Amino acid sequence: MLGLNGTPFQPATLQLTGIPGLQTGQAWVALIFCILYLISVVGNLSILTLVVREPALHQPMYYFLSMLSLNDLGVSFSTLPTVLATFCFNYRHVAFDACLVQMFFIHTFSFMESGILLAMSFDHFVAIYDPLRYAAVLTNSRILAMGLGILAKSFATLFPFPFLVKRLPFCKGNVVHHSYCLHPDLMKVACGDIQVNNIYGLFVVVFTYGIDSTFIVLSYTLILRAVLAIASWEQRLKALNTCMSHICAVLAFYVPIIAVSMIHRFWKSAPAVVHVMMSNVYLFVPPMLNPIIYSVKTKEIRRGILKVFFKSQC
């Protein structure tokens, strides 16, 4: 479909959607989202503040944890404007270009999280496999290089997405099925040849989630092999316990992704609310759970929180 000037039609604004079937309970949905955002933002800011302030946490493991918290804040702030506008103020319109920007940042931070989890698995592998060389292998410069590499990889692979979407005409309406902008949603309302978008989207998913998850599994295979070589059963449990928080974070991130993929692949007739809810779980649960997981499972983080809390009471 062409506009008046002969160029492919693109709507000035896109209409966002809440949760299908819950129009009468929007106030409760808004409250839930506000609580999720509050937990996520406060939790991740607390982790960052602790790592900066506590000299005992100036170690590679906590630097990677800071990257994860910073990235989770990025995920939360990427979705926050349109989600709050949709559910709290019932304002459901977003400019087309703003939608593309939001789409880029949401997907970029999501793919960065996968890379950070891979870096954290490497951190655990080095700590268990060769603890005497841990500090020599994971120097501050190498940690910084890993973080910048993850950022560059995610940015470079996602950078073409807005331009690939921008070239398409939109003749199937302007309603997207979430309260934020995602690439698959925009493909549903775009017309013309979207094969390039789909092929490149599949490439990016395999290049990031596929490779990262494979190396995470490989890391834990080597970790398990190293742990089984330890003679003392008590030392084995201690070594595995140091990995539990990271394993929980990996599961919190990848299980929703796998669930969303399985639903799209094998349950295409699922009600729209199922697709929307699973996408919400994928974007909102990991940033909320990660600071809770690390606060509960990591003794140093827990000790730092208690220290700050009791100091504030004095």
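Author: Before we count anything, a salt bridge here is a side-chain nitrogen of Lys or Arg within 4 Å of a carboxyl oxygen of Asp or Glu. Please also keep in mind that this is a predicted model.

Reader: Okay, how many salt bridges does the count come to by this rule?

Author: By that rule, the count comes to 3 salt bridges. One of them joins the side chains of lysine 166 and aspartate 97, with a distance of 2.6 Å from N to O.

Reader: And where do lysine 166 and aspartate 97 sit in the chain?

Author: Lysine 166 belongs to helix α6, which covers residues 160-166, while aspartate 97 belongs to helix α3. The two residues are 69 residues apart, and the pair links distant parts of the chain.

Reader: Let's stay with α3 then: at what angle do α3 and α8 pack?

Author: Helix α3 (residues 96-129) and helix α8 (residues 195-228) pack at an angle of about 15°, and their axes lie 9 Å apart. Angles under 35 degrees count as roughly parallel, and α3 and α8 are therefore roughly parallel to each other.

Reader: Is that crossing of α3 and α8 left-handed or right-handed?

Author: The crossing of α3 and α8 is left-handed. Sorted by class, the contact of α3 with α8 has 16 nonpolar residues, 7 polar residues and 1 charged residue.

Reader: Which residues line the largest cavity?

Author: Its lining is made by Val75, Phe109, Ser110, Glu113, Phe253, Tyr282, Leu283, Pro286 and Pro287. Helices α3 and α11 (272-297) each supply at least two residues of this lining, and the largest share, 4 residues, comes from α11. By class, the lining of the largest cavity has 7 nonpolar, 1 polar and 1 charged residues.

Reader: And what lines the second largest cavity?

Author: The residues around the second largest cavity are Leu36, Tyr37, Ser40, Val75, Ser76, Thr79, Leu283, Phe284 and Pro287. Helices α1 (26-53), α2 (60-88) and α11 each supply at least two residues of that lining.

How values were computed. Residues numbered from 1 in each chain as written. Predicted model: local features only at pLDDT ≥ 70, side-chain atom pairs only at ≥ 80, totals over all residues. Heavy atoms only, no water. Axes fitted to C-alpha atoms, helices over the stretch in contact; angles between N-to-C directions. Parallel < 35°, antiparallel > 145°, perpendicular 65-115°, else oblique. Left-handed = near helix turned anticlockwise from the far one by under 90°. Nonpolar A, V, L, I, M, F, W, Y, C, P; charged D, E, K, R; others polar. 1 Å grid on protein atoms, 1.4 Å probe; cavity = no way out; pocket = protein on both sides within 12 Å on 5 of 7 lines; lining within 4 Å.
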